[in-house]
Each structure stands twice: as structure tokens, then as C-alpha cells.
Amino acid sequence: MKPDHDDTSNLPPLGPTTEPLANVSDLAQAPNAAGHSQWLMRSIGVLAVLGVVGSGLMWAKLSGIQEQLARQSADTGSQAVEARVTSKQAEELARETAARLSVTDAKLSEVALQRSQLEELMQSLSRSRDENLVVDIESAIRLAQQQAQLTGSVQPLLAALNSAEQRLTKVAQPRLAPVLRAVTRDIERIKATAVADTPALLFKLDELVRVVDTLPLLNAVGNVPQPKVAQPVPATSWAKAISMSWWEKVWSDIWSDAQSLIRVSRIDKPEASMLAPDQSYFVRENLKLRLLNARLGLLARHFDAVQSDMKQANDDLVRYFDMQTRQGQTTLALAREVLAQSKQIEIPRVDDTIAALTTAAAGR
């Protein structure tokens, strides 16, 4: 196959050269290589055009996405502002609702309190006279029992039981007969029980403390008048004048004066008589302190301490004070009475009366 035209005329003239001539096969492959390079360049161009077109489309798409994102961000910002406003409104509404709810709760509690009071009033009005009587007696007896436990005296409990007995006797209801019998039994049992009367003991201790300052001591001299020995007196004055001479009369006067100056007596307790005058004050004060300690122990229900202090106080009275006088005997008897009565005895309970009242209140 011949080529379309011959380009040999354009070739330069051959001249003398020392290089060998190209091979015929290499000359045949040169056009094919040129054709391949042209196709390669065209493919690269097409690819470049396609890349440019794709880049343009991608840029346009990205621009659209960017615009869409900008619009969405603007919408989100406006929605956030609206949400803030709405949240503030909701918060204010919640505060207002909470305030109204607190006011409503207060009113509701007040209404509930009024309702409970009204129900109690209606129940109290609907009770019968016997039920009111049972409730009043039970509350009075329980209160008296508490007072008896606090004061250590059964007098409040006895007063409440006696009042209950009088009221039950006036009513004379057969349904309340067991209550009356229980009250009577408890009154008899309390009266038969020996209980230390704390208020009375406190009063006696106060009286002992007050008497200590005026009680005479054994070392006191001249406070107690000594009994005089009876002198034989003649029957009549004229017989006495005849029987006594002048020197006998003088001797009698001297002897009587000597007897008044000198006194001889027996000392059974030398520790009391040997006390100095300034120590008498401390003896009285120590005795007062023991009595006051006994008073505190009685208030605290420490009867063992009360017994110990009162025993020591009795010993001090007998050892250091003059018990031959009327005041001393009275004081010693009062101290021994306090010692005998200050015993730890439980306050009797009125369980029978409380059980009978509970049964009567239940309507059985």
C-alpha cells in the first residue's frame, strides 16, 4: 500500500555522513507511534474537559449546599431565639403556678384543719352524757396519776378517785356500775398502802433546818436553869427566927452563894462538852448541810441517800445538842419521824379503774 503523497522532496539532500542509515522497520513504526500519541492527547483532553465539567458541577452543588446550610443556620438561630423567649415565658408561668400552688396548699391545709376541728366538735356533740363522763373521768385519773408520779404523793390520785366516785354515784347508771366498783377498790387499796408523803417530808425537813439555829448545844453554860434543892423551911417565920442565930444565918447565906458559884455535874459525852465556842457554828452548819442533802435526795427519789443523811443527822443531834429540853425532844422526834417515813415505796397504780373505764368507753 502506497502512501497518499510523497514527502521525500522535502527531505534534505543526502550528504556525506559516517552514520548508518535507519532501518526500514523503524521508518514503518513511526506513523503508528504518532497516531497513538494523538489518541492519547485527545483522551487526556477529554478527561480534562470532563474533570472541568465535573468540578463545575461539584462547585455548583457545593454552592447550593452552602446556601442551604446558611438558610438552615439562619432558621436554627431564629428558632433558638424563639425557644429562649418561650423558655422564659414557661419559667415565669412555672413560678406563677408554684406561687398559686403554695397558696392553694395553705388554703387546703387550713380547710383540712377546720374540717378536723368540725368533725371533733360534731363527735363531741354526738356523744352521750355517759360517754362524756367516762372520758372526763379517765383523763382526770390519768393526769392525777402523772402528778402522783412526779410529786411522790398519792393525794392527787386520791382526790381524782374520790371525785370520780362522787360523780358516778350521782349518775347511778347500771352500765357504769363496774367502773364505780373498780374506783372504790382502788381507793381502799391506796389508803391501805403506806406511801411516803413527799410534800409533808419536805415541810418537815425545812422545819428541822429552821430549828437548828435555836437548838441549844451541850457545851452551852448557863442557858438551862438547874433545879434547886429544896431547903427545909421552918413552919412559921417566928419559929425560924427563934431557931437560927445570927452566925448561922451568915453561914447559910455564904453556903448558898458558894453553891451558886460552883456546879458539879457528870459528863457522859466529853466530845460535845469539849467543843470550842467557835466550833459550835460549824456543828450547826454541818447539820444543816446534811438536812439539805436529805431534802435534795428526797426530791431526786434517792431514798438510800436520804436514809444515810438522816441517820447521821440523828446521831449529830444526840451527840452535840441538848435533848433534855422540850425543844430538843421535839426536834429529835421530828427527825426520827422523817427517817422512818422516807422509804422507797412505789406509787400504787389504778389499773382496775383504767380497764373498767376503757371497757365502758368501748360500749361493752
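1. A nonpolar core is taken here as a set of buried Ala, Val, Leu, Ile, Met, Phe, Trp, Tyr and Cys residues joined through side-chain atoms within 4.5 Å. Buried stands for under 20% relative accessible area, exposed for over 50%, and partly exposed for anything in between (1.4 Å probe, protein chains only). The model is a predicted one, in which local features need pLDDT of at least 70 and side-chain atom pairs count only at pLDDT 80 or more, while totals for chains, interfaces and linings use all residues. Residues are numbered from 1 along each chain as its sequence is written, and side-chain values use heavy atoms, with hydrogens and water left out.

2. The largest nonpolar core contains 27 residues, and Leu208, Leu291, Met310, Leu317 and Phe321 have the most contacts inside it. At least two residues of this core come from each of helix H5 (198-211), helix H9 (277-299), helix H10 (303-320) and helix H11 (326-341). Helices are DSSP runs (H or I, at least four residues), numbered from the N terminus. A second, separate core has 25 residues, including Val134, Ala160, Leu176 and Ile190. As background, nonpolar side chains in soluble globular proteins tend to be buried together.

3. Phe321 deserves a look in the viewer. Apart from neighbours within four places in sequence, Phe321 is in contact (heavy atoms within 4.5 Å) with Val212, Leu215, Pro216, Leu217, Leu218, Val283, Arg284, Leu287 and Asp316.

4. Ala335 belongs to helix H11 and is buried, at 1% relative accessibility. With neighbours within four places in sequence set aside, Ala335 is in contact with Leu208, Met310, Asn314 and Leu317. Its C-alpha atom is 7.8 Å from that of Ala313, a residue 22 places away along the chain.

5. A salt bridge requires a side-chain nitrogen of Lys or Arg within 4 Å of a carboxyl oxygen of Asp or Glu. The count by this rule is 13. Side chains of opposite charge can pair when their charged atoms come close.

6. Arg95 and Glu91 form a salt bridge, with their closest N and O atoms 2.9 Å apart. Arg95 is exposed at 57% relative accessibility, and Glu91 is partly exposed at 42%. Arg189 and Asp186 also form a salt bridge, at 3.0 Å from N to O. Arg189 is partly exposed at 36%, whereas Asp186 is buried at 0%.

7. Which parts does the pair Asp213 and Lys288 tie together? Their side chains meet in a salt bridge of 2.4 Å, N to O. Asp213 lies in the loop between H5 and helix H6 (237-243) and Lys288 in helix H9, so the pair ties together parts that are 75 residues apart in sequence. Asp213 is partly exposed at 43%, while Lys288 is buried at 14%. A network of salt bridges links Asp213, Glu285 and Lys288.

8. On the surface, Trp246, Trp247, Val250, Trp251, Ile254 and Trp255 form a nonpolar patch with about 800 Å² of accessible area together. Such a patch joins nonpolar side chains (Val, Leu, Ile, Met, Phe, Trp, Tyr) within 5 Å, from residues with over 30% relative accessible area and no salt bridge; like charges are joined within 9 Å. Accessible areas follow the Shrake-Rupley method with a 1.4 Å probe, and for residues only the protein chains shown count as cover. Ile254, in helix H7 (residues 246-261), is partly exposed at 47%.
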